[in-house]
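Dear colleague,

I am passing on a structure together with some notes on its charged side-chain pairs. Please look it over before reading the notes that follow.

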Amino acid sequence: MRYKKRLNAFLITPLLGVILIILAQAPVMAQLPPMPEDTAKPARPVYPPDSLGRRTPRGTIDGFLKASYENDYRKAALYVRRDPALKKRQNTLAQAKALQALLEVNGRIYPYSWISNEPEGKTDDNLGPNLDRIGAVTIENESFDLILESFKDKQGNPIWLFSTQTIERIPLNVSDIETSTLISDISPAFMQKNKWGGAPVSHWVASIILLIFAYLMAFGLARLVIFLLPKFYKKAGEDPHAGVIRAFSLPVQLYLSTWLFMFLSREAGISLVVRQRFGNLNLIVGVVAVMLLIWQLIDVIGGVTEHRLKKHRNQAAVSAILFFRRAIKTALVVVGVIMILDTLGFDVTTGIAALGIGGIALALGTQKTVENFVGSVTIIADQPVRVGDFCKIGDISGTIERIGMRATQVRTNDRTVVTIPNGELSSLKIENYAHRERLWFHPIFNLRLETTPDQIRQLIQDLRRVLLTHPRVNPSPARVRFVEIGPGGLQIEVYAYVDTADFDVFLEIQEELLLKMMEVITSSGTSLMLPSQTVYYAKDHGLPQQESPIIPPQ
């Protein structure tokens, strides 16, 4: 019964939540006045493009990295703010070169999908309205944030530059920054000189090697854990524990390999340009790993639940579990694709709006289908009927043969099959005979009107003795009462329950009791009232005969 309660909660709780949200929002939306035209949201301003791409934080960091790794430090210096208070003694060229060297060794830039690509920047990062955090650097074991700040150019349009508080913390002497890395020390000179995509070829080759090495290491660690886990946890090799462990295996390998690759590439001194290129790939792998984990856990949980339901022959609930599993997987794929597209920089707002409109249209077009599905969920959760139950549904009596996701099939006593949509079935009055723990024995005997009171008293005692001496008749209650004197005779009511749920057994016991009671009635000196009708005949003399008048001859 415990798993049934959990299943009911699993099925009913989301539906109740949706219904309550709709009911709560409907009156509120109905009371909202129409929005005046003058209070509509103003259109977002459109700014002319900046030749250096500094209109957005993402454009600024991308332009700075490209310029610095092409050794064009004069151009890179244009991404550093010139503070008017420090203009005479500020060397933006040296600051740009020092910032690039520091980022290369001890810096990390957020993946581009995390950096705003809007002129307003991020407004929910708990920073000032014109500030955006785009990464961090470490100097002498002290880490501080890299901040971009928005300013107005000569035309009054926004541009994003490295803020003064960021630049002031960077040492200007590049020689003070340790630039030697493992990759630069062991790579051949020709691979260091030749560049591709703004970074030496050796860094790209090393990244591929590190990526393969990280995955192999993660694979080995995962296999080692799976091998050692049953040694310490005995149930690890049994279902469903083994299924859960297998579900975690591949996603953990992917996520661990990604983390190892980022760690090893930073420690080996891989160029920041290369790490930025792999940044979005790492995010995508992380999203895929989480989605894959949820996918496999759905399969494990669904398989275990389905197996338990099949043991109890609850085919309707099995159908519901299969449907919900497919629906959740479909939603999971849609959410995963949207997240990956958003990571790659695509605008998914329009797509989400289109999906919402399409969902509304689909819901309106499949209203009856949704109604039947909700009805099937209600039937499965409440279980007013189950397969094999003999029921009376409306004016139809029969045995439930199948409860599907759309309709329920009933086998009638005429051996025909009636199909009732679940949406209609959930609203009908259902009388389920299968839940009877005992059956009602309730005959009424009509005795002749000539029966004397002494005969009735003796007859009642003898009939009670027949009831109470039978082993299958429940003594509470088991009564025989003289209840009525009417034109149909003298009525004696028998009221008792037979301790059986099998209707065939009940018919056998009822037959035995009725025969014994007929014998008692016959031996009591009276008999059952026969259908009779009294006819009264009356003789009517009619009118006295009158003498005929004498007609004179003509």
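In these notes, buried means under 20% relative accessible area, exposed means over 50%, and partly exposed covers what lies in between, with a 1.4 Å probe and protein chains only. This is a predicted model, in which local features need pLDDT of at least 70 and side-chain atom pairs count only at pLDDT 80 or more, while totals for chains, interfaces and linings use all residues. Residues are numbered from 1 along each chain as its sequence is written, and side-chain values use heavy atoms, with hydrogens and water left out.

Taking a salt bridge as a side-chain nitrogen of Lys or Arg within 4 Å of a carboxyl oxygen of Asp or Glu, the count comes to ten. Among them is the pair D153 and R55, at 3.6 Å from N to O. Because D153 sits in the loop between β3 (142–152) and β4 (158–162) and R55 in the loop between α1 (2–31) and α2 (57–69), this pair ties together parts that are 98 residues apart in sequence; helices (H or I, at least four residues) and strands (E, at least two) are DSSP runs numbered from the N terminus. D153 is buried at 19%, and R55 is buried at 11%.

Within helix α2, K66 and D62 are four residues apart, about one helical turn, and their side chains form a salt bridge at 3.3 Å, N to O. K66 is partly exposed at 45%, and D62 is partly exposed at 22%.

In helix α15 (residues 453–468), R457 and D454 lie three residues apart, and the closest N and O atoms of their salt bridge are 2.9 Å apart. Here R457 is exposed at 52%, and D454 is exposed at 56%.

Kind regards
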